[in-house]
Amino acid sequence: MKYFNSEKITFKSGAQREFLWYDPERVVQGKKMKDHLRFAASYWHTFVAEGADMFGTGVLGKTFGGTSPEDIYRRKAEAAAEFTDLLGIEYYCFHDRDIAPEGKSLSETNRNLDELSDYLGDIMAKGGKKLLWGTANLFNNPRYMHGAGTAPSADVFAFAAAQVKKAIEITVKLGGSGYVFWGGREGYETLLNTDMALEQENMARLLTMAVEYGRRIGFKGDFYIEPKPKEPTKHQYDFDAATVIGFLRKYDLLNDFKLNIEANHATLAGHTFQHELATARINGVFGSIDANQGDMLLGWDTDEFPFDVYDATLCMLEVLKAGGFTNGGLNFDAKIRRGSCSLEDMLDGYILGMDTFAHGLLAADAIIRGGELDDFVKSRYDSWNTGIGSRIRSGEAVIEELSDYALSRGDVLSSVRSARQEYLENVVNKKIYECK
Ligand code: XUL
Ligand code: CO
């Protein structure tokens, strides 16, 4: 069965659809490009969402010719296998509800999930595709209108826990290397009706139970939290990387979780993508990435396919500095615009994103090899390696000593050097322009 009208997409093939930068077998820093980038297809945007928005219904059917729910979900799985094959993408990610329909009861839903995940797992494994991560959709169904792990109702919390348990089982069954928590409705609209302390404690309880269960049934991959500051709630508890790290530390979960950083969520939080990645890296919790980009003129999560090579370069610089992905990868949590209403437009979207990140990887590699940025940062902080700087760092210096030092030293303005931002920005541009 063929769902997409396209030939296989390869590097500089001269065909109508080709990669200009993504050359999977090309070796960069001793590793193949495909292994640096570990691209994944997001099941929800690619094989489920039909382009509905607040003002209109779907414009691009995703039943793939199926008629009954069972048939439709099987065809989605077949389409996923074909689509990832056409692009040479090795990984995929899903929510439980993306891959099987909800039944009339939780047990019927779980049965649907068992059957359809078997079908999906087999068909993907046959094509050599691997599950990057699974997750539970704890935000769509009306029962979660006030949250799931942070719901005011203990019954809703228990239902969410049951869903997480099952989603972890499916992830393990399909050999997933990660499990994501994105707090869909874990936040609040107004504090007038909210016990923020209890809600956050309960969230920590759910995460603790999930980790304990996952490890007990043999999950060896990484658990991730995906920060996002707002939307759908006015305030999401997992606001940004720093907030999540503080939360994990408070509830003694820092060793159990890494972060899944999403570009558009970073910008919604008022940060750059690079900032969020660097925060994760320096705190030892860099894990995986949801690759997309937002529209700076809009205040919501537009989930566009990334075309900003500059941002992708700084992202890949962080990834390389973090030592690369282990269990994580670049998941395209991205959708084509509603006006792009053919299935093949999705191929163009992925090509756009994959080429952008391939270019970013090459530019980041060139920045590292050139060494200008590293050298500059090193020399900018060189006063910390000798004299008073090293005494402060080692903890030997007390505040009286610093006072005596400052009094004897006189004005320190002469030790202040230029930050040379524009020089460094020129270096980055040059690497982006020159890399091939
Ligand atoms: C929503 C979002 C999700 C998560 C998975 O903004 O990013 O799709 O990645 O639940
Ligand atoms: Co995401």
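The side chains of Glu169 and Lys166 meet in a salt bridge, 3.7 Å from N to O. A salt bridge here is a side-chain nitrogen of Lys or Arg within 4 Å of a carboxyl oxygen of Asp or Glu. The model is predicted: local features need pLDDT of at least 70, side-chain atom pairs count only at pLDDT 80 or more, and totals for chains, interfaces and linings use all residues. Residues are numbered from 1 along each chain as its sequence is written, chains are lettered from A and ligands numbered from 1 in the order in which they are written, and side-chain values use heavy atoms, with hydrogens and water left out.

## Exercise 1

Step 1. Start with Glu169. Glu169 and Lys166 are three residues apart in helix H6, so about one helical turn separates them. Helices (H or I, at least four residues) and strands (E, at least two) are DSSP runs, numbered from the N terminus.

Step 2. Find the other partner. The side chains of Lys166 and Asp114 also form a salt bridge, at 2.7 Å from N to O. Asp114 sits in helix H5 (residues 106-126) and Lys166 in helix H6 (residues 154-173), so this pair ties together parts 52 residues apart in sequence.

Step 3. Check accessibility. Asp114 is partly exposed, at 29%. Buried means under 20% relative accessible area, exposed over 50%, and partly exposed in between (1.4 Å probe, protein chains only).

## Exercise 2

Find other salt bridges in the structure.

Step 1. Take the total. The structure holds 26 salt bridges.

Step 2. Look at a network. Asp96, Arg97, Glu102 and Arg143 are linked by salt bridges.

Step 3. Look at a pair between loops. Arg417 bridges to Asp382, with the closest N and O atoms 2.8 Å apart. Arg417 lies in the loop between helix H15 (399-409) and helix H16 (421-434), and Asp382 in the loop between helix H13 (372-380) and helix H14 (387-394), so the pair ties together parts 35 residues apart in sequence. Asp382 is partly exposed, at 33%.

## Exercise 3

Is Gln293 buried or exposed, and what does Gln293 touch?

Step 1. Locate the residue. Gln293 is in the loop between strand E11 (286-290) and helix H11 (309-321).

Step 2. Read its accessibility. Gln293 is buried, at 11%.

Step 3. List neighbours. Leaving out residues up to four places away in sequence, Gln293 touches several residues, including Asn264, Thr302 and Phe307. Contact means heavy atoms within 4.5 Å.

Step 4. A polar atom of the Gln293 side chain lies 2.8 Å from the backbone nitrogen of Phe307.

## Exercise 4

Describe how domain 1 meets domain 2.

Step 1. Domain 1 covers 27-369 and domain 2 covers 373-434. Such bounds come from an automatic or database domain assignment. The C-alpha centres lie 39 Å apart.

Step 2. Count contacts. Eight residues of domain 1 are in contact with six of domain 2.

Step 3. Take the area. About 670 Å² is buried between the domains, and carbon and sulfur atoms give 73% of this. Buried area is the accessible area (1.4 Å probe) that two parts lose on being put together, summed over both. In domain 1, Tyr310, Ala366 and Ile367 lose the most area to domain 2, together 60% of what that side buries.

Methods
Polar contact = N/O pair within 3.5 Å; in protein donor to acceptor, adjacent residues only side chain to side chain.
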